[in-house]
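Hi,

Here is the structure I promised to pass on to you. Have a look at it first, and then read on for what turned up.

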Amino acid sequence: MRGYKLKLIMLTISFFVFMTKSIAQCAGSDNSIIICDKESYNQGIGNPNGVVNLFTLLGVGAVPGGTWSNLNGAGGFNASTGILNLYQTLQGGVYNFQYTVNGIPGCTNNTATIEITLNGYAGVGTGGNLCTNDSPVNLKNYFDLTNYPSPDSNGVFTISGNIISNIFNPNTAGPGNYLITYTTPSFGNCPISSTTFPVSVEQAPNAGTPTPLLFCETDDFSLFTNVNLLNQLNGQDSGGNWLDISSTGEISNTSDTFINIQNIYNNFGPGTYIFRYNVNAVFACDPSNADILIIIEPVVDINGANLTIAPTPICFENLNTTILTGTITQGANPIPDGTYDITYVLSGVNSGTETVSITFTDGIATFAINPTFVNNIGLTNIDITNIVNSSSVTNCTRTITNLNSSFEIAESPNVNDTQISVSNFCVGETGQVVISDINNSNIELSDDRYIITYTITDPNGLQTTETIVILVTNGDGIFSILNSLTSIAGNYTVTITNIENEYSGCSTATNLSTPFIVYPIPNASNLIVSIGDVCFGDDVIVSLSGANNLPDGLYDLNYNIVGAINVNNQVANNVNFTNGSASFILPNGILNIGTSTFTLNSLTSVTTICGTDTFNSASDDFEILPLPNATNATITASDICISETETIFIQNANGLLDGEYTIIYDLTGANISTANSVVVTFTGGNTQFTIPSELLENGGLTTITIQTLINNTTGCGTNDLSNNPVSFTITDPGVPTLATDGNLFCLQDLPNPTIANLTANITSTGTIAWYDAPSNGNMYNSTDPITNGTTYYASLTDGQGCEGSLRLEVVVDLTSCPNLFIPDGFSPNNDGLNDTFYIKDIDIIYPNFALEIYNRYGNLVYKGDINTPDFNGKPNQTTVLGNDILPTGVYFYILNYNDSTNKKPTQGRLYLSR
């Protein structure tokens, strides 16, 4: 390896030196080598065995980057790398490879050729073992390709010097041991390459050639109760074993060769039953098996099956494009799935016989009737005369009886003498298309049912196509045009474009056409009838609305009324409709009290002949209600006090039905209001109601007049009571009077004033009551104390017990004192008497007061207000020296009132005595 590295370095140095002097040998030099043993050849430069780097053979001066050409198509050569893999070159020979370098200036020799002479290689054979019944083998499969290269493909195989094919047939060769030699051609004085390997052929076991036993399920199996299976084999080896593959139980041991086919059928029915003769393996040869088949086939019985032909009838003109198909459906006898050959026979107007192949699946099979047999119009019979199971080995079938059907070839309708006509009609009516034969002596259109296809062309040119089924008799028929096709007025055309026989489906294109006129009719389908309940004597107005598609104009209406009113076919003439609405009044002469139902029968245009009786909802219930009867009723009222409610009594209205009523009344006199209402309940002609005090705010004479009495159930009213007004008196004592300054008190003069003190200041005559609110509220007792600044409310009750509607508002003032009593001394000696300097009620009379006390030196010793304890001879100011007990002596005070009148402060002196 070191020598190789040194050699490579030298080559590289030489290359660079050469490049500096001359580049005439750019592609290197031609070279050639002979390789006799490619399986072990090694170039010695680190490549694996059998790999040749051609670039290294170019010698000094070869420039990398050139291109290689494989001149002889050698296998295993990579032109991009210049590497030749001898193991992939599968034939010996002489191979040339050209190296080319282009694009280098001064290069006089830009190509070089390497010649490789490769000897043939026969590979290493391994041999094998075969049986005489094995398939022929390729001898090239008997080489060691794991450890050695593949042999060349151009060698020859020989046995004892005789050339043989590479395909070795062990059956032809026969049993024996064979030495096979494979030899390849030699090249370049190399020795011939060959390899020899053994192939052993053993005689294979032979179970013989079996012959099946075939039966139909209807065969007599009593003749086959002791069948020797050996009789069904030919050429078999002896000493084999028997197996019952189908588990029939007929073989008792491996040497038993007799079976009872009668038992097999009785126990298992139709089927295929297998009995296998097995000869065991010899050496490397597989065992040999021969299966004897006992085949018991079911009998194919299509008697009782059903045969149908479709389509039938078929139109004559469709024969060229429509296949007539027969369908056989099994009956009580099941038909096994499979392919059968059937024979059918046509008779009648058409004839023919044919055998066709059909396949039954789930008891159903179909076949096509030969179209060349069918050429005539009329009825054709078809009979199935034979069936053969083409896949059966026995063809177990029964004779067919009575499996037949028929089909009809029909003609198309003949309309040569047919015409149509339509009478004019109104929109919404049903137009009738009359079909007739012009020449009744020779009617072409046969009596039958036909599907008519017709087109209606409306006044706007819109065409609509419809179909209808009609019955034609003696060439005549009639059908109705769909109302939806003639929904607008104007000129129409009807055209029959096709007539199809309903039974056969055969049709004829036609162009039978006629015009007709559709007159407009009133469209009042959405007309709504509305009649309100009315009181007897009022007009009954029938209101009609919602007929938005009805042209404006005059119409005659026909109607019925049932119920309390019972009239039929009444007519309201010349009812004027505008924008789909109208009204008219029912005649008074037919009106009766009670519930009735109005139903509009028809509406007919006065200006046209068309009318309509089609309405979605053209009826309504209404009731004519009776009026309340309050004759002979009496009304009474009583005098009341102000703020009380007045109760009105109504009696002796015996003509009124019991129930709820609404009374509408007016008040006049001292109190005035109108259209006051109240709901009352009359029972036995009597009721009562109250007038709320809110309507009776004034004392004096007030009169009530009942203007209207309305039955709340019917809404009908009467003014029978308006002629009987009733008056009553309302007593109001008024507001009590308080003496001048009657609300003023001085607490120093009257220490504990009460309600009684307030009452004593009232100057009015009557009973005085005091409250804490201007209305309602709580009433005070006469002994309840009164407080400064509190408002009290006084009411006056007269001798009749009527309390005034208004109360006197009084605000109590307990501070009405001209001068405040201020003591001039006190003795804080804790004897419980006069221990503090106390100004009585000052906190009430002057709640904002401020009191200052000074000693004889002018020092402030005490300062207090409503929130400060009374002066007790102890200072509360820090300006005083000494202890907290002031000595006996004269002190001076200043009292600031701080009231709303800006009363001047009072100054004085007081004596503190201990």
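A residue is called exposed here when its relative accessible area is over 50%, and buried when that value is under 20%. Please keep in mind that this is a predicted model.

With that cut-off in hand, take S135. Its relative accessibility is 54%, so S135 counts as exposed. You will find S135 in the loop that links strand 8 (128-131) to strand 9 (137-138). Although S135 and F168 are 33 residues apart along the chain, 8.9 Å separates their C-alpha atoms.

Next, a loop residue at the other end of the scale. N671 lies in the loop between strand 51 (659-669) and strand 52 (673-682), and at 3% relative accessibility it counts as buried.

Now to helix 3, which spans residues 261-268. Which of its residues are buried? They are I261, Q262 and I264. These residues cover an arc of only 165° around the axis, so they sit on the same side of helix 3. The face turned away from that buried side carries N266 and N267, which are exposed. As for the cover over the buried residues of helix 3, it includes strand 16 (213-216), strand 17 (227-228), strand 20 (258-259), strand 21 (271-279) and strand 22 (288-297).

Both ends of this helix are worth a look in your viewer. The N-terminal end of helix 3 is capped by N260, with a side-chain oxygen 2.9 Å from the backbone nitrogen of Q262. Just after helix 3 comes G269, which takes a positive phi of about 75°.

Last, a feature of the surface. I517, Y519 and I609 form a nonpolar patch there, and together they have about 300 Å² of accessible area. One of its members, I609, belongs to the loop between strand 45 (594-605) and strand 46 (611-612). With a relative accessible area of 73%, I609 is exposed.

That is everything from my side for now. Happy browsing!

Best wishes

Definitions and conventions. Residues numbered from 1 in each chain as written. Predicted model: local features only at pLDDT ≥ 70, side-chain atom pairs only at ≥ 80, totals over all residues. Heavy atoms only, no water. Buried < 20%, exposed > 50% of the residue type's maximum accessible area, 1.4 Å probe, protein only. Helix = DSSP H or I, 4+ residues; strand = E, 2+ residues; numbered from the N terminus. Arc of directions from axis to C-beta. Contact = heavy atoms within 4.5 Å. Polar contact = N/O pair within 3.5 Å; in protein donor to acceptor, adjacent residues only side chain to side chain. Patch = residues over 30% accessible without salt bridge, like charges linked within 9 Å, V, L, I, M, F, W, Y side chains within 5 Å. Areas by Shrake-Rupley, 256 points an atom, 1.4 Å probe, with all protein chains shown as cover. Salt bridge = Lys/Arg side-chain N within 4 Å of Asp/Glu carboxyl O.
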